[in-house]
Amino acid sequence: MTTVDAHAPTISIRERYRDVVADRWPVTVVPQPEELLSSWLHRLAYANGVAPRAFARVLGLNPGMWSAALDLRLPADIANLLSAKTGIAPDRFAAMTLPHDLPRQFLLPLRNDGRHWASTWLQFCCRCLAEDAQPYFRRRWRLATRVSCTEHGCRLRDRCPSCHGRIAVFDQGELVPQHYCVACGYDLRRAPIPYLSPETRTLDRCIDNICSVEAIAHAPSGPVFVRRLLGMPSVGGYYSTMILTSLSTAARAYCADRLSRPDEWLVDYTTDDEKDCKERRLRRLIPPRSDHRAWIELLANALGRRRGRPTASEGNEPGIKLPDLLGAYARMNPGPGRREVQELIGT
């Protein structure tokens, strides 16, 4: 006679793991606000125990800058695969790719260039990465027109400060979170915050706030503004043969700084009456913050004036200098105070 121990563990046949999870991948990663598709793909791969370089094969793609290319266009078959494996609706993927109506001239190019002054495909804010619960990269960090962080006002980086290598998470062969440098393993959250002048920060914020895709497309001065914005490096003279998208973040910030500062050797020491007259003229000519078309025209004219070019249109009275224009914009849109800026750069 066989005695059965009532306290012994019971063993029963259960469902196979692959039957329990069906066709889904084990871990689903929720997209973050303004997250770039490539960033989400890297986090998804890591969460499921697959290195980004190998994840390209999971999606049926060739290695290389596979995830960066998907930011520009996500094929329907890959979108359907991702949706089936994660349960995330395809429209969420569309919100992570770069808008189709965005002027492609503003995008940082996909390049593999080791020159220190040349552009790379992606920038980052070390403070954003440090504050994220799960560090991720933003869509706006792929725009050559951006050199500062929207949240913190500090200058963006496009290279590892340790080895000066570009961001290349798509080439990561180890199971490492995406905020570590692929080449040397440096934690990008620890990167020092580079200095950015208040004038440059204002210009960057002005361009970002008023020059929406729709505004540029419908403004009469839009095409002129795009050309002059891309030609900013030639104004300073240091990068006279380059365009905005061909330069590193540091070089673009230098160009913006040269543009936004007044020419000290041309400073006009006016009387108080003349200063009051100038202020009244600015108040008369500066449009409301919501009038994007007028601001685009003023910016196009101001950029052209620094190069000796004709005005973009006959709409507003020409002749507002870029530093004066930015000063008026800064007063309408106050940014960080002096103490906050000092804390930002660690001085």
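Trainee: How much space lies in the largest cavity?

Mentor: Keep in mind that this is a predicted model. The structure holds 2 cavities of 30 Å³ or more. The space in the largest cavity is about 90 Å³.

Trainee: Which element gives the most to the lining of the largest cavity?

Mentor: Start with the lining residues, including L203, D204, I207, R252 and A256. Two elements give two or more residues to this lining: α12 (249–260) and α8 (198–210). The top contributor, with 3 residues, is α8.

Trainee: How many charged residues are in the lining of the largest cavity?

Mentor: Sort the lining by class. It has 8 nonpolar residues and 1 polar residue. D204 and R252 are among the lining residues, and Asp and Arg count as charged. The charged count is 2.

Trainee: What volume does the second largest cavity have?

Mentor: Its lining includes C160, R166, Y180 and L188. By class, that lining has 8 nonpolar, 1 polar and 1 charged residues. The volume is about 50 Å³.

Trainee: Is S197 buried or exposed?

Mentor: S197 sits in the loop between α7 (126–131) and α8. Its relative accessible area is 3%. The cut-off for buried is under 20%, so S197 counts as buried.

Trainee: With which side chain does the S197 side chain make a polar contact?

Mentor: Leave out residues up to four places away in sequence, and S197 touches D257 and R261. The polar contact between side chains is at 2.7 Å, and the partner is D257.

Conventions. Residues numbered from 1 in each chain as written. Predicted model: local features only at pLDDT ≥ 70, side-chain atom pairs only at ≥ 80, totals over all residues. Heavy atoms only, no water. 1 Å grid on protein atoms, 1.4 Å probe; cavity = no way out; pocket = protein on both sides within 12 Å on 5 of 7 lines; lining within 4 Å. Points joined across faces, edges and corners; volume = space filled by probe spheres on them. Helix = DSSP H or I, 4+ residues; strand = E, 2+ residues; numbered from the N terminus. Buried < 20%, exposed > 50% of the residue type's maximum accessible area, 1.4 Å probe, protein only. Polar contact = N/O pair within 3.5 Å; in protein donor to acceptor, adjacent residues only side chain to side chain. Contact = heavy atoms within 4.5 Å.
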